[in-house]
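Colleague: I would like to learn how to read the places where parts of a protein meet, both inside one chain and between chains. Could you take me through them one feature at a time?

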Amino acid sequence: MATIDKEAVELFKQKAAPVSIKVVEVKDMAEAVAYALDTCEKKDFCELVYCGTEQTSAGIVKAEKKMFCAPNLTDKEYSALAALGAERGFDMLRSGMRGHLEGIDVAFTTADGAVAETATTIIECMSEDVRLATMIAEVHVVALKKSQIKKTSYDVEPYLQKLMEKGVMYTAFISGASRTADIERVLTLGVHGPLELHIALMEG
Amino acid sequence: MQHAESMKEYRERLQGSLDNSFLRETLDKFAVAYKANRLTIFADINEKELIQEIAAAKDEGLTKIEELYTQFKDEAEKRGVHVHRAATAAEANEIVCRIAKENNCKLVIKSKSMTAEEIHINHALEEHGCKVVETDLGEWIIQLRHEGPTHMVMPAIHLSRYQVADTFTDETKLKQDSDIGKLVKVARRELRSRFANADMGISGANFAVADTGTIGICTNEGNGRLTTTLPRVHVALAGIDKLVPNIHDALRIIRVLPRNATAQAITTYVSWMTGSAENTLTPDKRKIMHVIFLDNGRTALAQDEICKSALRCVRCGACANVCPVYRLVGGHQMGYVYIGAIGLILTYFFHGRENARNLVQNCINCEACKDVCAAGIDLPGIIQEIRARLVEEEGAPAQSTLLAKVLENRKIFHSLLRFGKFAQRPVTGGTPYIRHLPQIFMKGQGFRALPAIASKAFRDRWKDIEKSLPANGKIRVGLFAGCAQDFVYPEQLEAAVKVLAAGGCSVEFPMGQSCCGLPVRMMGEREAAEKTALANIKAFDPARLDYIVTLCASCASHIKNHYVELLADAPGMRTEAQQFASRIRDFSSFVYDVLGMKEDAFRNSGEKIGYHASCHLCRGLNVTEQPRKLIRAAGDYKESKEEDVCCGFGGTYSMKFPEISGQILQHKLDNLEASGAATIVADCPGCVMQIRGGEEKRGNKVKVEHIAELLARQLK
């Protein structure tokens with residue numbers, strides 16, 4: 001049974017707030033899934049960003065159907081999720097993200113680790129689909145177990161070492177929504193990637 | 001290539017920036033906000049320790065750069081990456097163009113990389129027939145405007161939303177609103193299609209881990225992830241100094257870089273790329289990945305004992321964030337490609353004398369950059385070294401050589417100063433200021449009243465002063481006067497002697513002492529700086545004294561921090577230089593800490609007293625509390641905003657760049673005025689000269705004096 005560092009969990013929540021990460025506590029994977037589907041349900045239709053320069057610049061083009069992707073779930077997790085999503089009328093997918101660069105509504109992923117002091121989630125992104133989904137979705141919901149949270153970045157060093165020394169890997173530290181302050185230093189979210197990052201924080 | 005810019009042309013450019021009110025306002029707000037935010041973000045971290053660790057690790061890494069490169073190459077190649085090394089910018093460009101040709105790349109997208117800017121890769125690729133699109137929002141904006149960056153982290157900080165809206169209107173051929181949220185969405189829409197269609201992505205690397213062959217990039221926008229994921233080909237450009245031994249070193253850089261750059265705990269994304277990851281566009285479903293390490297003078301710089309620490313730089317841009325000159329003129333005037341204090345340095349090493357000559361003069365030596373540097377680089381020290389090399393390489397300007405020659409001989413220098421008091425008579429009009437100098441001598445100096453030379457120098461008053469002092473004090477103190485006080489403000493020294501005597505010191509004033517040598521060091525006159533240092537050490541015979549006290553923070557900081565290194569090669573002088581440096585104390589900390597003169601030593605007058613924290617006291621010597629405590633003992637301390645920001649004096653700087661010196665002074669005066677203080681004190685005669693001259697010019701009736709004068713007046 002994995003142990004939970006309660007102090008680290010509190011620190012994670014505390015550090016998440018100022019960088020606009022929404023942390024929601026849930027019981028288990030089923031609740032995390034339900035939260036992600038609800039989020040998709042409630043959100044506005046995706047603003048499409050890739051359909052030819054002239055058209056997109058002229059105005060906002062919205063999708064007509066919600067799209068929900070979950071590229072790094074196990075087969076079992078995904079099939080349960082896909083059924084629930086279909087019931088709600090979402091287009092569900094777990095691969096082929098390159099075909100949807102104009103945007104998708106929600107990406108749901110599971111985390112591989114986390115660092116409390118910077119509210120960072122770590123996701124192994126060897127798969128192109130995981131990298132793309134977590135960038136092109138308007139909302140990214142990450143399911144994270146409390147026991148995965150370490151206090152400082154040095155505490156995840158052994159994990160990273162093991163991960164990278166064995167072979168090819170693309171690892172992402174994600175600590176918020178895509179942000180910029182390049183125009184007049186005004187903080188603006190969603191410049192290239194997600195407009196929102198939610199963490200579904202699971203017991204265990 | 002452009003013609004070499006003259007100093008006159010450079011100053012005209014500076015004036016252009018000073019006249020840009022949007023730029024001024026933006027940079028002002030940024031300077032104030034940055035400092036406050038930085039304090040907060042470092043609150044739960046031991047900043048000094050982290051910086052020392054970074055410095056030590058980087059220094060260690062530089063000694064084994066070849067090893068690290070070989071190890072990285074082996075590990076990365078095992079993981080399907082092609083690793084190259086380019087000796088020059090041209091070579092790096094050739095490699096990139098060759099990769100583009102081999103892979104039939106037409107559209108190239110880039111995430112932010114200073115190394116790519118260093119080699120002007122866009123230009124090379126465009127000549128080769130590629131279209132290059134920047135994807136970092138700021139970089140894209142300046143690319144569309146055909147401008148260079150004005151900050152290493154915020155390249156478009158000089159532009160307003162209206163200018164950006166106009167630029168986007170031109171680019172999209174559609175009228176764009178100036179709302180920032182909407183402008184950001186325009187970039188999201190426009191650039192997504194470029195990401196999707198690009199053949200090659202070029203990124204930089206914030207670190208390259210030798211142990212695992214990993215490169216890492218930190219971005220907030222996430223454009224780095226798309227740039228390194230969507231195109232078939234990924235080329236990463238990194239300076240060879242970005243190699244670190246292991247993941248721990250990389251994690252350490254991630255701890256300091258975003259904190260120091262933008263006062264964030266971490267950037268939104270940190271991407272660790274270990275080998276060529278999946279890419280569904282290629283036949284073998286793996287990204288075609290190349291890493292190019294650029295040398296461009298770095299391994300030579302790593303051998304340069306004095307300047308090599310410049311290679312510790314992690315490119316956070318903090319040296320620009322706190323620079324009072326950058327705050328006024330922005331990045332186009334404070335760098336060629338690299339910006340800020342490190343920009344002045346790297347321009348010399350990477351882009352040559354021609355581009356660096358005027359730039360390196362534009363440092364006021366306030367040490368604010370050194371104080372915040374993520375890697376503990378002595379930036380002002382290296383800038384002065386480069387000035388010295390420029391003098392050696394191409395000779396000194398006439399006024400610099402003259403000053404050097406004069407300062408090398410104390411007797412000539414002091415005769416000139418004495419002569420000055422007769423020569424100036426017609427221009428002082430009987431006041432303590434120079435009032436009627438012909439325009440040719442006063443060019444640009446109209447922002448402050450300049451003091452006249454005193455009728456009798458301190459050294460000429462000493463015999464009389466000495467007689468009135470009690471003999472057999474418990475502490476033997478040598479008084480180091482510095483030129484400004486000896487010849488312009490002898491009353492400050494008299495006040496100090498009074499306080500020191502009251503504190504139980506016997507005071508000596510060796511007549512052979514001269515200028516500390518800082519002005520000539522600032523001008524790059526190394527030999528003259530050495531000679532003045534030698535003369536002072538000989539004059540004091542430091543071993544006889546308990547302390548050497550000076551009222552000039554700049555003299556103190558120069559002597560303490562540079563005499564030993566200046567005289568490292570002087571035969572037999574090392575010990576004496578060390579003795580001299582270790583005995584030097586600034587007036588305030590000496591009075592408070594050594595003499596123990598506190599509240600009960602002074603009468604509190606209740607007068608409202610403002611304080612200017614002189615650069616070379618608060619940063620050069622880390623003395624911050626003592627003067628404030630002394631002020632509280634003698635009066636009603638009125639704190640003002642940005643007390644520790646430079647007053648704009650900077651010695652010879654204020655003569656060379658009067659327009660900037662004057663503007664920095666206006667900030668200082670505004671802040672002091674807002675505090676409501678009726679008296680302003682400082683620990684440095686140069687600052688007193690600058691602030692008093694500015695107040696006089698404004699017609700303000702505040703008293704500006706050295707802290708010694710306040711304390712002497714309030715002695716019990």
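Colleague: How many salt bridges does the rule find across the interface of domain 1 of chain B and domain 2 of chain B?

Modeller: Bear in mind that this is a predicted model; across that interface the rule finds two salt bridges. One case to look at is D59(B) with R312(B), whose side chains meet in a salt bridge at 2.8 Å, N to O.

Colleague: Which element gives the most to the side of domain 1 of chain B that touches domain 2 of chain B?

Modeller: That is α16(B), with four residues, and the elements giving two or more residues to this side are α14 (318-321), α16 (340-356) and α17 (368-372) of chain B. Sorted by class, the residues of this side comprise 18 nonpolar, six polar and three charged.

Colleague: And how should I read the size of such an interface?

Modeller: The size of an interface is often given as the accessible area lost when the parts come together. Here domain 1 of chain B and domain 2 of chain B bury about 2500 Å² between them, with 58% of it on carbon and sulfur atoms. L311(B), R312(B) and H332(B) supply 24% of the area that domain 1 of chain B buries against domain 2 of chain B, more than any other three residues; R312(B) is also the partner of D59(B) in the salt bridge.

Colleague: What area is buried between chain A and chain B?

Modeller: The area is about 6000 Å², of which carbon and sulfur atoms give 56%, and the contact takes 63 residues from chain A and 76 residues from chain B. Three salt bridges are found across this interface, one of them between R255(B) and E117(A), with the closest N and O atoms 2.7 Å apart. Between the two chains, 34 residue pairs are in polar contact, again with both at pLDDT 80 or more. On the side of chain A that touches chain B, the largest share, seven residues, comes from α5(A), and by class that side has 25 nonpolar, 21 polar and 17 charged residues.

Colleague: Finally, how do I read the overall form of chain B?

Modeller: Its secondary structure comes to 36 helices and 20 strands. The radius of gyration of chain B is 28 Å, close to the 27 Å that the globule rule gives for 716 residues, so chain B is as compact as a globular protein of that length.

Terms used:
Residues numbered from 1 in each chain as written. Chains lettered and ligands numbered in written order. Predicted model: local features only at pLDDT ≥ 70, side-chain atom pairs only at ≥ 80, totals over all residues. Heavy atoms only, no water. Buried area = accessible area lost by both parts, 1.4 Å probe. Salt bridge = Lys/Arg side-chain N within 4 Å of Asp/Glu carboxyl O. Nonpolar A, V, L, I, M, F, W, Y, C, P; charged D, E, K, R; others polar. Rg over C-alpha atoms; globule rule 2.2 N^0.38 Å. Contact = heavy atoms within 4.5 Å. Polar contact = N/O pair within 3.5 Å; in protein donor to acceptor, adjacent residues only side chain to side chain.
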